[in-house]
Amino acid sequence: MKNIVILISGRGSNMQAIVDAGVPARLAAVISNRGDAEGLTWAGGRGIATDVVDHKAFPSREAFDDALAARIDAESPDLVILAGFMRVLTEKFVRHYDGRLLNIHPSLLPSFPGLHTHRQAIGAGVKVHGCTVHFVTPALDHGPIVIQSAVPVLTDDDEDSLAARVLAQEHKIYPKAVRWFLEGNLVIVQGSVRVKGGSQSQFVMCNPGVS
Ligand code: GRF
C-alpha cells in the first residue's frame with residue numbers, strides 16, 4: 001500500500017474529505033506548520049499521526065523547507081498532498097517532490113493565483129469561478145492541471161458565499177485526483193495531465209444556482 005503525507009495549515013476540510021473518501025493509501029502523517037491548526041485535532045481524534053514543523057522556529061525559508069522535507073521523508077511518502085498549506089515553498093523543496101506533490105487552489109487556474117481568490121474573482125466580474133487540483137512546480141500556483149471544477153458566480157454573491165460554493169467542489173475533486181494518482185492512472189504528456197483510459201472526466205460543471 002502506498003504512503004501519503006498531508007500538509008495543512010488550518011481547518012483541514014480538504015484533508016477530511018480525502019480521509020473520508022477512503023483513498024487507497026496509508027495516511028502516514030498529517031503535518032502542519034502551525035501548532036494551532038484545527039485539522040490536527042480532527043486527525044489526532046481519528047488516530048492519525050500528527051506533527052508540527054513550526055516555520056517560525058527557523059531562520060529562513062530554506063531552513064524551514066529542509067526541516068519539513070526531512071520530517072516528510074521519514075514517512076517515505078509516495079505522494080505529498082498540500083491541503084490548505086499556506087506556505088510558499090522553495091524551488092529545492094518542490095523539485096525534491098517532483099511528480100508526487102499535489103495542491104488544490106481555489107480558482108480556475110491560471111486565473112487568480114495567490115491569495116483572496118474569491119475576492120479577485122468577484123472584483124474581476126467573472127461569471128464562472130472554481131477550483132483546481134494540480135501538480136506543484138516551482139512557479140506559485142502553476143503546474144500541470146489534474147482536474148478542475150467550475151461554479152457559477154451569482155449576482156448576489158459575496159466572498160463567503162462564493163468560497164462556500166467552491167469549497168464544496170474542492171471536497172469532491174481532491175479525493176478523486178488523489179485516487180487517480182494512487183492507482184497510477186495519471187500521466188503527464190507535454191505538461192498536460194491525462195487520466196489513463198480516458199473515460200474519466202477531468203472537469204466538473206456545478207449546476208447554476210446550486211450552492
Ligand atoms: C482551501 O480553499 C484551499 O483550496 C486553499 O485553502 C483552503 C483550505 O481549506 N488553499 P481547508 O484547510 O482544506 O479547509
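This is a friendly dialogue on how to read a few features of the structure above.

User: What kind of model is this, and how are its residues numbered?

Analyst: It is a predicted model, in which local features need pLDDT of at least 70, side-chain atom pairs count only at pLDDT 80 or more, and totals for chains, interfaces and linings use all residues. Residues are numbered from 1 along each chain as its sequence is written, and side-chain values use heavy atoms, with hydrogens and water left out.

User: Into which domains is the chain divided?

Analyst: There is domain 1 (1-97) and there is domain 2 (105-211); such bounds come from an automatic or database domain assignment. Their C-alpha centres lie 21 Å apart. Across the two, 22 residues of domain 1 are in contact with 15 residues of domain 2, where contact means heavy atoms within 4.5 Å.

User: How do I read a pocket?

Analyst: Rolling a probe the size of a water molecule over the atoms shows where empty space is left. Here a 1 Å grid is laid over the protein atoms alone, and a pocket is an open set of points where a 1.4 Å probe fits, with protein on both sides within 12 Å along at least five of seven lines; lining residues have an atom within 4 Å of a point. Grid points are joined across faces, edges and corners, and a volume is the space filled by probe spheres set on the points.

User: What is the volume of the largest pocket, and which residues are closest to its centre?

Analyst: The volume of the largest pocket is about 1,000 Å³. Its lining has 38 residues, and G84, M86, I104, P106 and L115 are the closest to the centre. Both domain 1 (1-97) and domain 2 (105-211) give residues to this lining, so the pocket lies between them.

User: Which helices and strands supply the lining?

Analyst: Helices (H or I, at least four residues) and strands (E, at least two) are DSSP runs, numbered from the N terminus. At least two lining residues come from each of α1 (13-20), β5 (101-105), α5 (117-124) and α6 (159-182). The largest share, five residues, is that of α6. By type, the lining has 17 nonpolar, 15 polar and six charged residues; Ala, Val, Leu, Ile, Met, Phe, Trp, Tyr, Cys and Pro count as nonpolar, Asp, Glu, Lys and Arg as charged, and the others, Gly among them, as polar.

User: How do I find the buried side of a helix?

Analyst: An α-helix has 3.6 residues a turn, so residues three or four places apart point the same way. Buried means under 20% relative accessible area, exposed over 50%, and partly exposed in between (1.4 Å probe, protein chains only). In α5, the buried residues are T117, H118 and A121. They cover an arc of only 100° around the axis, which puts them on the same side of α5; the arc is that of the directions from the helix axis to the C-beta atoms. These buried residues pack against β5, β6 (128-135) and α6.

User: Which residues of α2 are buried, and which are exposed?

Analyst: In α2 (residues 38-45), G39, L40, W42 and A43 are buried. Their arc of only 160° around the axis puts them on the same side of α2. The face turned away from that side carries the exposed residues E38, T41 and G45. Among the elements that cover the buried residues are β1, α1, β2 (26-32) and β3 (50-52).

User: How should I read backbone angles?

Analyst: Most residues other than glycine have a negative phi, and most peptide bonds are trans. In this model, S76 has a positive phi near 45° without being a glycine. S76 is in the loop between α3 (61-73) and β4 (79-82) and is exposed, with a relative accessible area of 51%. H116, also not a glycine, has a positive phi of about 55°, and this residue is in the loop between β5 and α5. A cis peptide bond joins L109 and P110, with omega about 10°.

User: Is S107 buried or exposed?

Analyst: S107 is buried, with a relative accessible area of 0%. Leaving aside neighbours within four places in sequence, S107 is in contact with F112, T117, H129, G130, C131 and T132.
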